[in-house]
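Have the viewer open as you read.

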Amino acid sequence: MLDATVQLERKRKLRSRLDDSTWWYIFGLVLVLSFATRFYKVEEPDHVCWDETHFGKMASWYINRTFFFDVHPPLGKMLIALSGYVTGYDGSFQFANPGDKYTDVNYLGMRVFCTLLGAAIVPFCFCTVWEMTHSLTAAVLSASYVLFDIGTLTLTQYILLDPILLFFVMGSVMGSAKFNSYKDRSFTKPWWFWLTFTGIMLSCAICVKFVGLFIVVYVGLHTISELWEILVFLTRVGHGDGFYSSAFQSQLQGNSLHNASMPRELAYGAVVTLKNQRTGGGYLHSHWHLYPQGVGARQQQITTYSHKDDNNKWRVKKLDVEPEETDPITLVKHGDLIRLEHISTRRNLHSHDEVAPLSRKHYQVTGYGENGTGDANDVWQVLIVDGKKDEVVTTVSSRFRLLHFLQNCVLTATGSQLPKWAFEQQEVSCNPNLRDKNAVWNVEDNIFPKLPNVSFDVYAPSFLERFFESHAVMLQGNAGLKPKEGEVTSRPWQWPINFRGQFFSGQPYRIYLLGNPVIWWSNIVFLLSFVLVFILGAVYKQRGITLPDPAFEARRQLLKESGAWLFVGWLLHYVPFWFMGRVLYFHHYFPALLFSSMITGIVLTYILDTVLLYIPDKFKSLVYHWSVGTILATTIYSFVLFSPLAYGMAGPLANDPNSTMHSLKWMDSWEF
């Protein structure tokens, strides 16, 4: 990610090149065309089309307060019912079968409502790409791919959940992009507005269909990325880093764990620090000061301390033998009985039948003995979490409990703050509850010259490992749905290639859901092109290859970053369907299509910008306008050719040579 200051400066320069009136003129044209194409013939056909039989029926049940069960969340159906209710529909129509005539039925209000939300998808797309790239060309091309797609038009003209879902999905993407543009102006009114807007859109998306979860994951990933950018930016050690886990600290420059190397395994005689596994847990610590009179035995204090300190160091000793330099290497294993000697004071970690300072049901933990010699209450058993016999304790990665051999309690950090006599450090006690979740520790520093050192990087989990562990997504929702007899279903591999459509209405007024093949097939080409461009960009970056013009290089980088996020969105809304056991339909691909279309606009702009680098200055404007004009003309012409699929076909089917649609049956699997 680029530095925030560079991004802001780049945006300012790009914005200054664009006249506001031009932007608003084009945006206004996008609005007009979107609403004109969507509302044209919205009242036709005047009979029940496809799944209107389901969602119109459910709207009627809501209006009549009739209980029913459905596999989808309720919001979309409730909104359809509300739109029907406020426009005069009384809930009396049965919506029994596709093709049933709307005789004396005020159905138009519900269709208009769904179409209104569907029409908003195009300007949402335009604004999203503009906010992500600040390229008017990319915004126009992306919006045109959504505007002139016959399939998107068809799917958003009827009483269905799909236009509502697509509205909230696209609204979430736009809201996220707008919110991100205000990250340099946190907590301002626009920042709060777009944060709230995005939250509302996300919650509504998942309340329409469970697949709305995918857009929640997308925005969540984007948020994680922003947090990660902050963490990457804050790379140097600072005050309070000891509150974080050992793995986290290893990524901080200047921290003792950054680029550190130490033995992988723990041996007797090693000098170690022990870190508590609770969130914000500190290091096992001691100092010369004793517990005050009246607080258990007047022995040396044991605490946890969240900062690096020599008083955090302990030597691992065998049960009954003091370590010698000539001792052979013996590794500490699961179940071993050990003693821990505090390096600075030479006293052993100890517990006994005295009440802890604050946790009255726990035993006191102290430092006891002289010059490493104590008594039987210094003995602890190492129990690795889920450990097996002879399993060796390893640095950082082993999580273990220390069980007191005589008191049968576990060493724990309670999190309670001790008084000033203990310098307000955290209480350490011995808990008889052996399942105490705060009684888990790990070895952080491991000093033992006899064993070879390994890089600390082997201990730290990767960002992806932590991410996938924390954000597993359930992909088996609605797994019990099965196709009805004679119902046309499809598989995910068929969707991007526009393999087969879906009849919305039969004879005599046929409506067929099918994507604009020019748009859909070019989307595949530009998806693959984006992957190639992204890989080449990564190779160039690795080799330090950049363009001589920094401003142009920054613009290309912004286009690639924007395309990368939209590619993630496409993957999230497409790949999960490959793993679903439920029945699938062609219309399930349309949320992914929106991301694919936006990627196409960005890739086309990237390619055009690159080509213009090699065009003489006097021809650049001509080549640019001819290229953009050709792309727009092609999409518009293909829209006009295939528009009868959305606006209605009559006469013979396309497989009849006398049909007006015969020349447009480019694939045998198309059934219109």
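## A lysine in a network

Lys317 is buried, at 1% relative accessible area (buried is under 20%, exposed over 50%, partly exposed in between, with a 1.4 Å probe and protein chains only). This is a predicted model, where local features need pLDDT of at least 70, side-chain atom pairs count only at pLDDT 80 or more, and totals for chains, interfaces and linings use all residues. Residues are numbered from 1 along each chain as its sequence is written, and side-chain values use heavy atoms, with hydrogens and water left out.

Lys317 pairs up with Glu322 in a salt bridge at 3.4 Å, N to O (a Lys or Arg side-chain nitrogen within 4 Å of an Asp or Glu carboxyl oxygen). Glu322 is partly exposed, at 30%. Shared partners link Lys317, Glu322, Arg339, Glu341 and Arg346 into one salt-bridge network.

## Other salt bridges

The structure has 13 salt bridges. In one of them, Lys101 and Asp46 bring their closest N and O atoms to 2.7 Å. Lys101 sits in the loop between helices H4 (75-86) and H5 (108-119), and Asp46 in the loop between H2 (20-39) and H3 (52-63), so the pair ties together parts 55 residues apart in sequence. Helices here are DSSP runs of H or I with at least four residues, strands are E runs of at least two, and both are numbered from the N terminus.

## A buried histidine

His404 belongs to strand E10 (residues 400-404) and is buried at 0% relative accessible area. Its side chain reaches the backbone oxygen of Asn377 at 2.8 Å and the backbone nitrogen of Gln407 at 3.0 Å.

Conventions. Polar contact = N/O pair within 3.5 Å; in protein donor to acceptor, adjacent residues only side chain to side chain.
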